[in-house]
Amino acid sequence: MGQFLSEWDGPVFVCFDSLTSMLQYVDVNTAYEFLHAITGQIHAAGAHSHFHIDPDAHDAEHVASITSLFDAKVSLGDEPSVRTRELLAAE
(Lines give C-alpha, C1' and ligand atoms only; values in the text may rest on other atoms or scores of the structure.)
Protein backbone atom coordinates (compact mmCIF):
# COMPACT_ATOMS: atom_id res chain seq x y z
CA MET A 1 0.00 0.00 0.00
CA GLY A 2 2.80 2.42 0.88
CA GLN A 3 4.36 2.09 -2.57
CA PHE A 4 0.97 2.69 -4.21
CA LEU A 5 0.45 5.86 -2.15
CA SER A 6 3.96 7.10 -2.86
CA GLU A 7 3.35 6.96 -6.62
CA TRP A 8 0.66 9.67 -6.57
CA ASP A 9 1.57 13.24 -7.53
CA GLY A 10 0.44 15.90 -5.09
CA PRO A 11 -1.17 15.45 -1.70
CA VAL A 12 -2.85 12.12 -0.96
CA PHE A 13 -5.73 11.69 1.48
CA VAL A 14 -7.08 8.33 2.64
CA CYS A 15 -10.52 7.96 4.25
CA PHE A 16 -11.29 4.77 6.17
CA ASP A 17 -15.01 4.48 6.74
CA SER A 18 -15.72 2.76 9.02
CA LEU A 19 -13.81 1.22 11.88
CA THR A 20 -17.18 0.39 13.42
CA SER A 21 -17.92 -1.99 10.54
CA MET A 22 -14.47 -3.55 10.75
CA LEU A 23 -14.85 -4.17 14.48
CA GLN A 24 -17.98 -6.21 13.79
CA TYR A 25 -15.78 -8.82 12.10
CA VAL A 26 -12.47 -8.76 14.00
CA ASP A 27 -11.47 -8.32 17.63
CA VAL A 28 -9.94 -5.07 18.83
CA ASN A 29 -6.41 -6.53 19.05
CA THR A 30 -6.47 -7.65 15.41
CA ALA A 31 -7.91 -4.28 14.38
CA TYR A 32 -5.22 -2.45 16.37
CA GLU A 33 -2.41 -4.44 14.71
CA PHE A 34 -3.89 -3.83 11.25
CA LEU A 35 -4.38 -0.11 11.88
CA HIS A 36 -0.89 0.23 13.35
CA ALA A 37 0.59 -1.27 10.18
CA ILE A 38 -1.56 0.69 7.76
CA THR A 39 -1.11 4.06 9.51
CA GLY A 40 2.65 3.48 9.42
CA GLN A 41 2.50 2.94 5.66
CA ILE A 42 0.31 6.01 5.18
CA HIS A 43 2.72 8.12 7.23
CA ALA A 44 5.78 6.75 5.40
CA ALA A 45 4.18 7.66 2.07
CA GLY A 46 3.62 11.24 3.25
CA ALA A 47 -0.14 10.83 2.87
CA HIS A 48 -2.86 12.09 5.19
CA SER A 49 -5.72 10.01 6.53
CA HIS A 50 -8.83 10.06 8.62
CA PHE A 51 -10.71 7.17 10.15
CA HIS A 52 -14.33 7.04 11.29
CA ILE A 53 -15.74 5.19 14.30
CA ASP A 54 -19.02 5.35 16.18
CA PRO A 55 -17.84 5.55 19.80
CA ASP A 56 -21.31 4.68 21.07
CA ALA A 57 -21.13 1.30 19.33
CA HIS A 58 -18.03 0.14 21.23
CA ASP A 59 -16.61 -0.25 24.70
CA ALA A 60 -14.88 2.99 25.80
CA GLU A 61 -11.65 1.06 26.50
CA HIS A 62 -11.62 -0.28 22.93
CA VAL A 63 -12.22 3.19 21.51
CA ALA A 64 -9.37 4.56 23.64
CA SER A 65 -7.07 1.79 22.42
CA ILE A 66 -7.86 2.50 18.77
CA THR A 67 -7.68 6.27 19.31
CA SER A 68 -4.14 5.96 20.66
CA LEU A 69 -2.94 5.25 17.11
CA PHE A 70 -3.94 8.65 15.78
CA ASP A 71 -2.63 12.21 16.04
CA ALA A 72 -6.03 13.72 16.77
CA LYS A 73 -9.54 12.78 17.75
CA VAL A 74 -12.50 14.77 16.46
CA SER A 75 -15.77 14.31 18.33
CA LEU A 76 -18.99 15.50 16.76
CA GLY A 77 -22.01 16.11 18.90
CA ASP A 78 -23.65 18.88 20.86
CA GLU A 79 -20.24 20.45 21.39
CA PRO A 80 -17.75 19.36 18.70
CA SER A 81 -14.17 19.03 19.92
CA VAL A 82 -10.70 18.28 18.61
CA ARG A 83 -8.09 16.66 20.82
CA THR A 84 -4.54 16.35 19.58
CA ARG A 85 -2.05 13.63 20.52
CA GLU A 86 -0.73 15.67 23.48
CA LEU A 87 -4.23 15.97 24.95
CA LEU A 88 -5.08 12.33 24.20
CA ALA A 89 -1.99 11.17 26.11
CA ALA A 90 -3.13 13.09 29.18
CA GLU A 91 -6.57 11.37 29.32
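Reply: First, a term: accessible areas here come from the Shrake-Rupley method with a 1.4 Å probe. Keep in mind that this is a predicted model.

Me: What percentage of the accessible surface belongs to carbon and sulfur atoms?
Reply: The total comes first. The chain exposes about 6,600 Å² of accessible surface. Of that, the part on carbon and sulfur atoms is 53%.

Me: What share of the residues in the chain is buried?
Reply: Buried means under 20% relative accessible area. The chain has 91 residues. Buried residues make up 27%.

Me: Which element gives the largest share of the largest nonpolar core?
Reply: This core has 17 residues. Leu5, Leu19, Leu35, Ile42, Phe51 and Ile66 touch the most other members. Two elements give two or more residues to the core: α2 (19–22) and α3 (28–44). The largest share, 5 residues, comes from α3.

Me: Which residues does phenylalanine 51 touch, not counting those up to four places away in sequence?
Reply: Contact means heavy atoms within 4.5 Å. Phe51 is one of the core residues that touch the most other members. With residues up to four places away in sequence left out, its partners are Phe16, Leu19, Leu35, Ile38, Thr39, Ile42 and Phe70.

Me: How much of the contacts with a separation of 6 or more comes from residues 24 or more positions apart?
Reply: Take the contacts in the chain with a separation of 6 or more. Residues 24 or more positions apart account for 54%.

How values were computed: Residues numbered from 1 in each chain as written. Predicted model: local features only at pLDDT ≥ 70, side-chain atom pairs only at ≥ 80, totals over all residues. Heavy atoms only, no water. Core = buried A, V, L, I, M, F, W, Y, C linked by side-chain atoms within 4.5 Å. Buried < 20%, exposed > 50% of the residue type's maximum accessible area, 1.4 Å probe, protein only. Helix = DSSP H or I, 4+ residues; strand = E, 2+ residues; numbered from the N terminus.
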